[in-house]
Amino acid sequence: MGTHQNGQFTISSLDKLFELQQFDLKLHALAVRWYTKLLLKAVAEAHPECGLDERRQLLISESALFHDIGKIMLPNSILYKKERLTTEEWSLLHAHPFFGTKLIELVEDEDSEYLRTIMDVCSYHHERWDGKGYPYELCGQAIPFSAQIVGLADAYDALTQARSCKGRIEHAQAVQMIVDGECGVFSPLLLDCFSSCNPELYHALCVQRATHEF
């Protein structure tokens with residue numbers, strides 16, 4: 001994707017920050033990118049009115065890599081805490097989209113559409129269709145479609161991968177939890193497409209668990 005040398009901080013700089021993340025954060029970002037690709041393909045095939053041409057799909061899937069970039073500003077004591085987080089720690093964790101937004105505001109790049117997509121994904125991937133997400137409590141179509149898709153991919157990976165504070169959930173249960181709204185409410189359109197690409201998601205999950213690669 002596009003980078004240039006005129007700005008003090010470019011998208012390539014985000015790539016370098018991404019490379020400095022802890023292994024499991026990088027693995028999560030790569031997994032979310034892959035699940036995002038699968039969801040984008042399903043949406044593009046079922047709903048051409050969404051305008052997801054090849055370039056738009058590429059912009060969104062590559063932007064998914066940076067959805068959690070704000071977490072680099074959080075201490076490991078929060079990110080890898082095995083015990084339940086305190087109220088203050090939850091507040092800090094839930095602020096990572098805001099931290100990421102502030103970081104991306106420092107970026108200059110010639111590919112303004114790509115940069116805008118990164119900003120949207122980073123800022124709004126935890127917003128939910130019913131307005132009960134965070135940090136801005138947007139609802140419905142007020143949430144950029146790119147962030148809606150990445151948010152769904154993020155929820156699936158968060159459920160199916162083991163974390164310091166929880167074990168992993170198997171594919172079928174994770175899918176049911178998402179459909180039932182246990183990870184927040186997603187748009188009916190996205191949930192339909194999510195269901196249609198379940199075999200591809202499960203295959204990608206199996207590959208990830210076997211190789212730690214995407």
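How many disulfides does the structure hold? The structure, which is a predicted model, holds 0 disulfides. The chain has 214 residues, of which 51% are buried, and its secondary structure comes to 11 helices and 0 strands.

**Fold and surface**

- From the N terminus on, the elements of the chain follow the order α-α-α-α-α-α-α-α-α-α-α.
- Contacts in the chain between residues at least 6 apart in sequence include 67% that join residues at least 24 apart.
- The chain exposes about 10600 Å², and carbon and sulfur atoms supply 54% of this area.

**Cysteines**

- A disulfide is a covalent bond between the sulfur atoms of two cysteines.
- A pair of cysteine sulfur atoms must lie within 2.5 Å to count as a disulfide.
- Cys193 is buried, with a relative accessible area of 2%.

**Nonpolar cores**

- The largest nonpolar core contains 34 residues, and those that touch the most other members are Tyr35, Tyr156, Ile178 and Phe194.
- Five elements are to be named here: helix H2 (23–46), helix H8 (145–160), helix H9 (171–179), helix H10 (188–196) and helix H11 (198–211) each give two or more residues to this core.
- Helix H2 provides the largest share of this core, namely 8 residues.
- Which residues does Tyr156 touch, not counting residues up to four places away in sequence? Tyr156 touches Tyr35, His171, Ala174, Val175, Ile178, Phe194, Leu201, Tyr202 and Leu205.
- Another core, of 15 residues, lies apart from the largest one, and its members include Leu59, Phe66, Leu103 and Val107.

**Enclosed space**

- The structure has 1 cavity of 30 Å³ or more.
- The largest cavity holds about 40 Å³ of space.
- Which residues line the largest cavity? Its lining is made up of Tyr124, Glu127, Arg128, Trp129, Ile143, Ala147, Gln148, Val185, Phe186 and Ser187.

Terms used. Residues numbered from 1 in each chain as written. Predicted model: local features only at pLDDT ≥ 70, side-chain atom pairs only at ≥ 80, totals over all residues. Heavy atoms only, no water. Helix = DSSP H or I, 4+ residues; strand = E, 2+ residues; numbered from the N terminus. Buried < 20%, exposed > 50% of the residue type's maximum accessible area, 1.4 Å probe, protein only. Contact = heavy atoms within 4.5 Å. Areas by Shrake-Rupley, 256 points an atom, 1.4 Å probe, with all protein chains shown as cover. Core = buried A, V, L, I, M, F, W, Y, C linked by side-chain atoms within 4.5 Å. 1 Å grid on protein atoms, 1.4 Å probe; cavity = no way out; pocket = protein on both sides within 12 Å on 5 of 7 lines; lining within 4 Å. Points joined across faces, edges and corners; volume = space filled by probe spheres on them.
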